[in-house]
Amino acid sequence: MAIVNRDKDATEQKEFINFTLNDVTTTGGTYVICPVPFQCEVKAIRLSAAGLSTVPVFEVEAYRFSGGVTINSAISTATSVGLFGTSGLVSLTLGTAGSTQVFVDAGSAFVLTVSGTTAAAARVSGTIVVQKLQDLVTYFGT
């Protein structure tokens, strides 16, 4: 059922998932940001990086685990993120609003992937803005 919340306006229905990943050093590597506790729609992703080697290209994906198989789908486009001191927060471009790319099921995981030649970062920080898709929400089934 879609959210129809009479107590909160649209901006208050959003939640912010803040994260920091250290030693993002493997080109082609995948780094788990966090598990997804409830079904949601991704509204925005912002990243910043520090201690860069060349220009890393980051992409946020959703990994879903079903019957022993991992299914990954891109939430954002691959975007180069410059040093925080020169670029500040970088907004990643999401899939088209309403597409299945921005909807994420409970039990999935947000994952950061890294590409670029010898790309690395000492620290990647960011925020994923999500909106719940149901009025009654359980966190990890409880």
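## Starting from L47

Let's begin with one residue in this predicted model. Setting aside neighbours within four places in sequence, L47 is in contact with F19, F58, V81, G88, L89, V90, L92, L112, V124, S125 and G126.

## The core around it

L47 also shows up in the largest nonpolar core, which has 30 residues.

The largest share, five residues, comes from β3.

## A hairpin to look for

Next, follow β4 onward. It pairs with strand β5 (residues 69-74) in the antiparallel sense, over six bridges. Pick out E61 and you'll find its bridge partner in β5, A74.

Two residues lie between the strands of this β4 and β5 hairpin, and G67 takes a positive phi near 55° there.

## What about the cysteines?

How many disulfides does a search of the whole structure find? The count is zero. C34 is in no disulfide, and the nearest cysteine sulfur, that of C40, sits 9.0 Å away. Likewise, C40 is in no disulfide, with the sulfur of C34 as its nearest cysteine sulfur.

Are these two cysteines buried or exposed? C34 is buried, with a relative accessible area of 15%. C40 is buried too, at 1%.

Definitions and conventions: Residues are numbered from 1 along each chain as its sequence is written. This is a predicted model: local features need pLDDT of at least 70, side-chain atom pairs count only at pLDDT 80 or more; totals for chains, interfaces and linings use all residues. Side-chain values use heavy atoms; hydrogens and water are left out. A nonpolar core is a set of buried Ala, Val, Leu, Ile, Met, Phe, Trp, Tyr and Cys residues joined through side-chain atoms within 4.5 Å. Buried means under 20% relative accessible area, exposed over 50%, partly exposed in between (1.4 Å probe, protein chains only). Helices (H or I, at least four residues) and strands (E, at least two) are DSSP runs, numbered from the N terminus. Contact means heavy atoms within 4.5 Å. A disulfide is a pair of cysteine sulfur atoms within 2.5 Å. Two strands pair if DSSP finds at least two bridges between them.
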